[in-house]
Amino acid sequence: MCGIVGYIGQENAINILLNGLSALEYRGYDSAGVSIKTDKKIETVKTKGKIMDLASLIIEKKINLNGHIGIGHTRWATHGIPNTINAHPHFTDNVSIVHNGIIENYRVIENELKENSITKTTETDTETIVLLIDMFLKDMIPQKAFKKAVGKLKGSFAIAAIFKDTDTIMLARNESPLVVGISDDAVYTASDISALIEYTNKFIFLEDGDIAEITQNEIKIIDKNDKNIERGIKIIEWSKESAQKGGYKHFMIKEIAEESESVKNTIQSRIDTNGNIYLKEELEIDEDFLNNIDRITIVACGTSYYAGLTAKAVLEKYTNTIVNVEIGSEFRYSSPIFSKNNLFIAISQSGETADTKESLRFAKQSGLNTLSIVNVKESEIARMADNCIYTLAGPEISVASTKAFASQLSVLYMLAFHIGNIKGKDVKKEVQYLLEIPHIMQNTFKQTKKTTQLLAKKYHKYKNFLYLGRGIMYPIALEGALKLKEISYIHAEGYPAGEMKHGPIALIDENTPTVIVSPNKEPFYSKTISNAEEIKARNGKIILLSDKESQIADDILNLKSMDYLFSPFVYVIPLQLLAYYIALYLGHDIDQPRNLAKSVTVE
Ligand code: AGP
């Protein structure tokens, strides 16, 4: 989704802005632009397309962009089509702004502007903000005009503004992240720390209702109650290298390769060699509460939702508790039934997903004990929950989530064993097995890379795929189908294998391959193979992922036998690889697939 970068310092702003925007490309966008304060003027260049197009335009137009103060933006269209005029920054002669989020009352503001004979030229909600600021600038200094305009906005926003007549960047945030980065001789701002990790590891995270004024030497913040406030500086230890491709063709394949490592990082610091789990520091929840827990409600979206769905069986088994797993966008508008000792878990890689975040807010307002499982440090969802267990997957840049999924699973498994232990279950054996999982995952990656490539070569021209699994493998089938459709644009449906005969079987013919995910575990295996027979009887092609040979498969991807409970960690890898190689054969933009965004910060 949209991304913001801002710079105020001694360097030429343009290079830093373009660099920062490139680091935000992974979020998904359709247009980009920059505004630089040059000598008493604001220059703006923007275009539909990618950062490279923006950079070419800057060279082509030979515009003087020398200046030490600037803002930049990548836009993911919400109001108005993706074109150059709707791209940010939006500007007048006096002020230029970039904005993430949605202004819900922009039509009301539009009318107020019309009454003052001010009309918009774009279809965006954002333009109303800049016109409002410009209107107030007639009677007041920039800082006051900015504050007055922000006071009129309803909705979610992160805004950065520069002015012709002052050497500051003004910032405002409400329900949309905005950070300030600090180095020795410059101050930065961005919607996401990954834009700035090349320049600093010191960050201030603005809070809802904050308005900040930054200069090269000073950061002044006022909070929602109009009080001056100091927000602490946090040190974030993400390396620049971890957010780069490191020799791989795409971030996605790099991140699949890192998957075992990210699980290792996530579990190793929390489990000792004797198999004891240490979650107490991150999980400041009364043991009595966990012992008497009577319901777990998990809310998430997309891949994170599938992680929750996969872990449901494990959590139920070890905690003896009802576990509901809900999709964020549905949950927040439902009337859920909570119980007395209800633990609420929000899962999110980005920690920004609007549907998950608002569900979490709803759970908090309902008085629930809330826990988040998040990858991005200090992100909204991480900070909003009563407790947060971070997945230590490192930055995940590719839009298609891979390593974050496995890390989320590992936290959920640890949690199940931890609560199980509190409830008196002996989980030593399971915890020991979990410690071995990264090694098994690493071998699986190596062993299945070539085969999945060959399968992709054979199957990449098919237009429809079905993915089937049973039990713990059903959500893995869903995740496999999601990966394929996201990056290859091939229609793929995930289904519980036994449910196929109730409808999707109508799709089966020689042109619809079915990927069946079935470890050799009874009763699941035999039942799934019976479903495979039904497919075969209709001339369907079958790709089987299993540790048991079967004559029924057209192609078999042999995996090593392992403990069934942990097989999701392993079976998901070849599914991710299959999607990757199919998209590669089709020549798609794998890391930034069309229409998708890494952080979905709108409803
Ligand atoms: C995964 O490949 C997707 N891009 C998407 O489904 C994602 O998992 C979903 O938007 C949730 O994101 P989050 O984990 O950052 O909340």
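## Second largest cavity

About 100 Å³ of space lies in the second largest cavity. The model is predicted. Its lining counts 14 residues, and those nearest the centre are Tyr26, Asp192, Ser194, Gln349 and Val376.

By class, the lining of the second largest cavity splits into 5 nonpolar, 4 polar and 5 charged residues. Domain 1 (2-244) and domain 2 (252-437) each supply at least three residues to this lining.

## Largest cavity

Across the whole structure, the search finds 5 cavities of 30 Å³ or more. The largest has a volume of about 120 Å³. It is lined by 17 residues, with Pro177, Val179, Phe205, Glu378 and Ser379 closest to its centre.

The lining of the largest cavity holds 7 nonpolar, 3 polar and 7 charged residues. Where does the largest cavity lie relative to domain 1 (2-244) and domain 2 (252-437)? Both domains give residues to its lining, so the cavity lies between them.

## Aromatic pairs

A pair of aromatic rings is described by the distance of the centres and the angle of the planes. The count for this model comes to 18 aromatic pairs. One of them joins Tyr188 and Tyr199. This pair is stacked, at 5.4 Å centre to centre with 20° between the planes. Tyr188 belongs to strand 10 (residues 187-190), while Tyr199 sits in the loop between strand 10 and strand 11 (202-205), so the pair ties together parts that are 11 residues apart in sequence. Tyr199 counts as partly exposed, at 23% relative accessibility.

Tyr305 and Tyr306 make a tilted pair. Their centres are 5.6 Å apart, and the angle between the planes is 50°. Tyr305 has 15% relative accessibility and counts as buried. Tyr306 is also buried, at 15% relative accessibility.

## Cluster and charges over rings

Which residues form one aromatic cluster? The members are Tyr318, Tyr413, Phe417, Tyr433, Phe566 and Phe569.

Lysines also lie over ring faces. Lys50 is placed over the face of Tyr29, at 4.7 Å from the ring centre. Lys377 lies over the face of Tyr390, at 5.5 Å from the ring centre.

Terms used
Residues numbered from 1 in each chain as written. Predicted model: local features only at pLDDT ≥ 70, side-chain atom pairs only at ≥ 80, totals over all residues. Heavy atoms only, no water. Phe/Tyr/Trp six-rings, centres within 6.5 Å; stacked < 30°, edge-to-face > 60°. Helix = DSSP H or I, 4+ residues; strand = E, 2+ residues; numbered from the N terminus. Buried < 20%, exposed > 50% of the residue type's maximum accessible area, 1.4 Å probe, protein only. Lys NZ or Arg CZ within 6 Å of the ring centre and 35° of its normal. 1 Å grid on protein atoms, 1.4 Å probe; cavity = no way out; pocket = protein on both sides within 12 Å on 5 of 7 lines; lining within 4 Å. Points joined across faces, edges and corners; volume = space filled by probe spheres on them. Nonpolar A, V, L, I, M, F, W, Y, C, P; charged D, E, K, R; others polar. Domains from an automatic or database assignment.
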